Amino acid sequence: MKSNLTPLGPKADKDTVRRSNLSLVLRAVRDEGEATRAGVAARVGLTRAAVSSLVEQLIDIGFLTESGKTFSGQAGRPGTALKVARTGPAGLGVEVNIDYVSVCVVDLAGTGRVRLTEHLDNRGAPPAKVLARAAGIAARTLESAREQELFPVGVALALPGLVSGGAVRQAPNLGWNQVPAEELFAASLAAEQPGREALPVSSENEANLAALAELWFGGLDTVRSFLYLTGEIGVGGALVIDGELLRGAHGFAGEIGHVVVDAQGPQCRCGSRGCLEQYAGQAALLRAAGIQDSGSGSGVAELERRALAGDEQAVAAVTEAGRMLGRVLSGTVNLLDPDAVVLGGIYRNLMPWLSPPADEELTGRVVSGLWAPGSGRLRASSVAGDAARGAAALVMTGVLADPVAYADGRETG
């Protein structure tokens, strides 16, 4: 009888197994923050002798450090403390948004080591000019990283809108269509650093990367399935299911800002009418509150100040935005059943006024009956949940997966 089973592929050789085990040990130490060889062996299920050999190699290539003595409280010799190195490979994340560019470098531990943010009005500017500005900021960030003996091995761009295949297919608030963002940024960064080896450049939607930062560095505890919303000029969204980012068939999942609230509502930059961001985006909020946005985040700061002071128009604007958010979120919760909804960006500081009406809508519309005001399922993002850090950390997943491939990655230019 003919078999329909798919071949399993070639058997893993010794080198492949060892590289996999090096990754296992490195990630175990990174996750623990500090560990002994015995502790790592217990966690990964390898013998202490095997772990010691792997640790020695990781120390030799500069990915782990070992120092001091740790006492477990049990019988036997104390172990030395293993930590991931604070020097060596690093990731560079570059967030290009409507009114700012933020660049972050993280090390092997995921710690943000360098951060540069510049407030810029990127609306209507030619894409090549915007990405050249971002490359200039990135180049300065790289110099600061090198001074700390950090050597970024790649760049990830966090971009608003529909991102696929290295290009921004559509970013309505920037006015971008079919922009080869990776190619333009890589060329500008190379021009900023003559004589240095070019860094590989990747790209992803900024809300997706902010959600990953929240997953990896935020205060979610055991929550592994959540919907993340980032409030900026527009409203971005991302879905994390069982600890994995849900990108969709074409990489465009999570565009909640363009869910239609009212088909007869205001015209949106995307071409539709009545999209959520026309009610809960930054521009809509400030307009409803009667605040002129002068850029650099001053409008949002003024909105928060007025709301704190009890200004009726400001409170009413945020309350209505919360109601519209809750209405759209309830449909998403009914469809996907996440453990939590996390609000980031400008929403984080507006939660005292945004959360009650949103919670009320969710309570009344989530059919499971499991949503209740004050349950904690609607929560503000942590300060760690930003797209630039998520982008930089995404670069480092490759290093953690195969440290040997990056063992000789220090720049020589």
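Modeller: Angles here run from 0 to 180 degrees between N-to-C directions, and the axes behind them are lines fitted to C-alpha atoms. The model is a predicted one, and with that in mind I would begin with helix H10, residues 312-336, which lies across strand S11 (226-231), strand S12 (235-241) and strand S14, and which runs at about 155 degrees to S11.

The sheet to which these strands belong is open and has 5 strands, in the order S13-S12-S11-S14-S15, with mixed pairing. At its edges stand strand S13 (244-245) and strand S15 (378-380), and because each of them has a single partner strand, one side of each is left without a neighbour in the sheet. For S15 that partner is strand S14, residues 340-345, and the two pair in the parallel sense over 3 bridges. Within this pairing, Val342 has Arg379 of S15 as its bridge partner.

Strand S8, residues 167-171, pairs with S9 in the antiparallel sense over 3 bridges, and Ala171 finds its bridge partner in Trp176 of S9.

Turning to contacts between helices, helix H9 (residues 298-308) and helix H11 (residues 347-365) have axes that come within 10 Å and cross at roughly 35 degrees, and their crossing is left-handed. Leu303, Glu304, Ala307 and Leu308 of H9 meet Asn349, Leu350 and Trp353 of H11, a contact whose residues divide into 5 nonpolar, 1 polar and 1 charged.

Helix H1 (residues 14-32) and helix H3 (residues 48-60) pack at an angle of about 80 degrees, with their axes 10 Å apart; since angles of 65 to 115 degrees count as roughly perpendicular, H1 and H3 are therefore roughly perpendicular to each other. The residues of H1 that take part are Arg18, Asn21, Leu22, Val25 and Leu26, and they meet Ser53, Leu54, Val55, Gln57 and Leu58 of H3. By class, the contact of H1 with H3 has 6 nonpolar, 3 polar and 1 charged residues.

Technical notes: Residues are numbered from 1 along each chain as its sequence is written. This is a predicted model: local features need pLDDT of at least 70, side-chain atom pairs count only at pLDDT 80 or more; totals for chains, interfaces and linings use all residues. Side-chain values use heavy atoms; hydrogens and water are left out. Helices (H or I, at least four residues) and strands (E, at least two) are DSSP runs, numbered from the N terminus. Angles under 35 degrees count as roughly parallel, over 145 as roughly antiparallel, 65 to 115 as roughly perpendicular and the rest as oblique. Contact means heavy atoms within 4.5 Å. Ala, Val, Leu, Ile, Met, Phe, Trp, Tyr, Cys and Pro count as nonpolar, Asp, Glu, Lys and Arg as charged, and the others, Gly among them, as polar. Two strands pair if DSSP finds at least two bridges between them. A crossing is left-handed if the near helix is turned anticlockwise from the far one by less than a right angle, and right-handed if clockwise.
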